[in-house]
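This short report describes selected parts of one protein model. Please look at the sequence and the structure before reading on.

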Amino acid sequence: MVQLSKWSFYQLRSFLEYKGIQFGVEIISVSPAWTSQTCHQCLHIGLRSHKRFKCTNEACSWSGDADLNGAKNIATIGAVFVNQPGGSNCLCCTLCTDSSGLLKSLRSPLAGA
């Protein structure tokens with residue numbers, strides 16, 4: 001059994017990108033900056049203390065788990081990109097299939113520079 005807690009974030013991201021390309025699923029990378037400190041309901045910056053979040057907007061005043069709040073913000077950002085007509089065009093490389101049928105990204109002309 002693989003222990004996910006020992007994976008580095010870079011390795012996890014690499015695996016997700018690889019599997020996304022392999023199965024034709026678009027992977028969108030969202031910066032974690034401010035995701036758990038921004039209220040997912042009203043988008044105001046609130047207070048995060050350990051695992052708790054409290055919105056400082058008096059009209060909202062949502063409070064709850066900071067990680068849940070951050071996850072909802074990330075899901076909202078992802079949905080905006082994924083639901084664009086014609087896709088998000090977030091892939092930054094051209095893909096082709098090699099002789100074994102695996103997807104490969106074409107080398108950039110700048111890769112050797």
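## The second largest pocket

Helix α1, residues 9–23, contributes the most to the lining of the second largest pocket, giving five residues. Helices here are DSSP runs of H or I with at least four residues, and strands are E runs of at least two, numbered from the N terminus. The model is predicted, so local features need pLDDT of at least 70 and side-chain atom pairs count only at pLDDT 80 or more, while totals for chains, interfaces and linings use all residues. Residues are numbered from 1 along each chain as its sequence is written, and side-chain values use heavy atoms, leaving out hydrogens and water.

The lining consists of F9, Y10, L12, R13, L16, I27, I28, S29, V30 and I74. On a 1 Å grid over the protein atoms alone, a pocket is an open set of points where a 1.4 Å probe fits, with protein on both sides within 12 Å along at least five of seven lines; lining residues have an atom within 4 Å of a point.

## Helix α1

The 15 residues of α1 reach 21 Å from first C-alpha to last, close to the expected 21 Å. The expected span is 1.5 Å times one less than the number of residues. After α1 comes G24, with a positive phi near 70 degrees.

T38 lies in the loop between α1 and β1 (47–49). T38 counts as buried because its relative accessibility is 14%, and buried means under 20% relative accessible area (1.4 Å probe, protein chains only).

Leaving aside residues up to four places away in sequence, T38 touches L43, H44, I45, F53, N69 and N73. A contact means heavy atoms within 4.5 Å. With that exclusion, A66 touches S36, R48, H50, K51, R52 and F53.

Technical notes
Buried means under 20% relative accessible area, exposed over 50%, partly exposed in between (1.4 Å probe, protein chains only).
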